[in-house]
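Hi,

Have a look at the model before you read on.

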Amino acid sequence: MSADGFNQGPPPGARADWTIDQGWAGYSDAEHQVWMTLYERQTRLLPDRACDQFLQGLEALDLHRSGIPDFERINVELLRLTGWSVVAVPGLVPDEVFFDHLANRRFPAGQFIRKPEELDYLQEPDIFHDVFGHVPMLTDPVFADYMQAYGRGGLRALQRGQLANLARLYWYTVEFGLLQTPQGARIYGAGIVSSWAESIFALDDPSPNRLGFDLERVMRTPYRIDDFQQVYFVIPSLQDLLDATLQDFAAIYERLERSGDIPIAAILPTDLVLTRGTQAYAAKRAAQ
Ligand code: HBI
Ligand code: FE
């Protein structure tokens, strides 16, 4: 399914806002088993890696019960905690539709689950990435407000034609963000917590840079969708992340038009350097 056309309506069977019924009763035993396999593998790895807010969210929503979670059940608790809910979509949805859901505290989650032979990599976000990866953080009131602020900002960025820069903010926070804690860096990004290999790489590998989060700096940094990240940005707290979105983005976009992009693995004199990465992994992959 393509998500690039604004003139393109929802696929047959989907509502005008692209949502569909989850159809929980229709999942096969094999599909529930894929969830259980992925769930067990990640939850073994994540203590001392994922941040407390994520781990507590996972507990609060009881995401392992009966295999693939039933949205109706988890929404009761999620609505009570932060006023968010999960809605099912067929796959990627157009940007405008995606942001409109976020702005209204609804998280669009893929209804389908990956095949047993593609446990480690898939192109479109499935229910494991979307629900296991994203939804636990939505139980945190501060992160919940950040996601809504992002949705509202996304709608404004679309009108201004500035989405490319804002998408980098989503990527380096919601998908691949790290959080500084007294015990060291912890994961809160959904793209990391839903991936076995990147949950190790993002924290332990000497290859990537780990830099202090700076909103404008992040919005100038390209990212890769095909492999582990070459740079991770570490926020001091979720409140700092939310506060950063209170800046005047119009002024930021104006400055970005002049300042230009920063090479993906560059370290600037103004960066707060937590890890000066070797970039050995990226170099090896580039040579293959
Ligand atoms: N659709 N289902 C779904 N999930 C996403 O994460 C998503 C999307 N459509 C667009 C989109 N993301 C991007 O606009 C953001 O990642 C910036
Ligand atoms: Fe995601």
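A quick word on terms: on a 1 Å grid over the protein atoms alone, a pocket is an open set of points with protein on both sides within 12 Å along at least five of seven lines, a cavity is a set where a 1.4 Å probe fits but cannot get out, and lining residues have an atom within 4 Å of a point. Grid points are joined across faces, edges and corners, and a volume is the space filled by probe spheres set on the points.

Some housekeeping: this is a predicted model, in which local features need pLDDT of at least 70 and side-chain atom pairs count only at pLDDT 80 or more, while totals for chains, interfaces and linings use all residues. Residues are numbered from 1 along each chain as its sequence is written, chains are lettered from A and ligands numbered from 1 in the order in which they are written, and side-chain values use heavy atoms, with hydrogens and water left out.

Back to that second pocket. It has 19 lining residues, and Ala149, Gly153, Arg156, Thr245 and Phe249 lie nearest its centre. Helix α6 (141–160) is among the elements that give at least two lining residues each, along with α7 and α12 (249–259); helices (H or I, at least four residues) and strands (E, at least two) are DSSP runs, numbered from the N terminus. The largest share of this lining is from α6, with nine residues. By class, the second largest pocket has 10 nonpolar, four polar and five charged lining residues, where Ala, Val, Leu, Ile, Met, Phe, Trp, Tyr, Cys and Pro count as nonpolar, Asp, Glu, Lys and Arg as charged, and the others, Gly among them, as polar.

Now the largest pocket, which holds about 1500 Å³ of space. It is lined by 45 residues, and those closest to its centre are Gln123, Pro125, His129, Trp171 and Glu175. At least two lining residues each come from α1 (29–45), α4 (95–103), β2 (106–110), α5 (127–134), α7 (163–175) and α9 (196–204). Helix α7 supplies the largest share, five residues. The lining splits into 24 nonpolar, 12 charged and nine polar residues.

**Overall build and core**

The protein has 13 helices and seven strands. Its C-alpha trace spans about 55 × 40 × 40 Å along the principal axes.

Of the 288 residues, 53% count as buried, meaning under 20% relative accessible area, with exposed over 50% and partly exposed in between (1.4 Å probe, protein chains only). Residues 24 or more positions apart make up 68% of the contacts with a separation of 6 or more, a contact being heavy atoms within 4.5 Å.

The largest nonpolar core has 81 residues, and Trp35, Val131 and Leu169 touch the most other members. Helix α7 gives the most to this core, with seven residues. A nonpolar core here is a set of buried Ala, Val, Leu, Ile, Met, Phe, Trp, Tyr and Cys residues joined through side-chain atoms within 4.5 Å. Beyond its neighbours within four places in sequence, Trp35 contacts residues including Leu63, Ile68, Ile113, Phe128 and Val131.

- Ala144 sits in α6 and counts as buried because its relative accessibility is 0%. Its C-alpha is 6.6 Å from that of Thr82, 62 residues away in sequence. Leaving aside neighbours within four places in sequence, Ala144 also contacts Trp84, Arg105, Met137 and Leu138.
- Arg105, in the loop between α4 and β2, has a positive phi of about 60 degrees without being a glycine. It is buried, at 17% relative accessible area.
- Asp48, in the loop between α1 and α2 (52–61), is another non-glycine with positive phi, near 70 degrees. Asp48 is exposed, at 61% relative accessibility.

For context, most residues other than glycine have a negative phi.

Cheers
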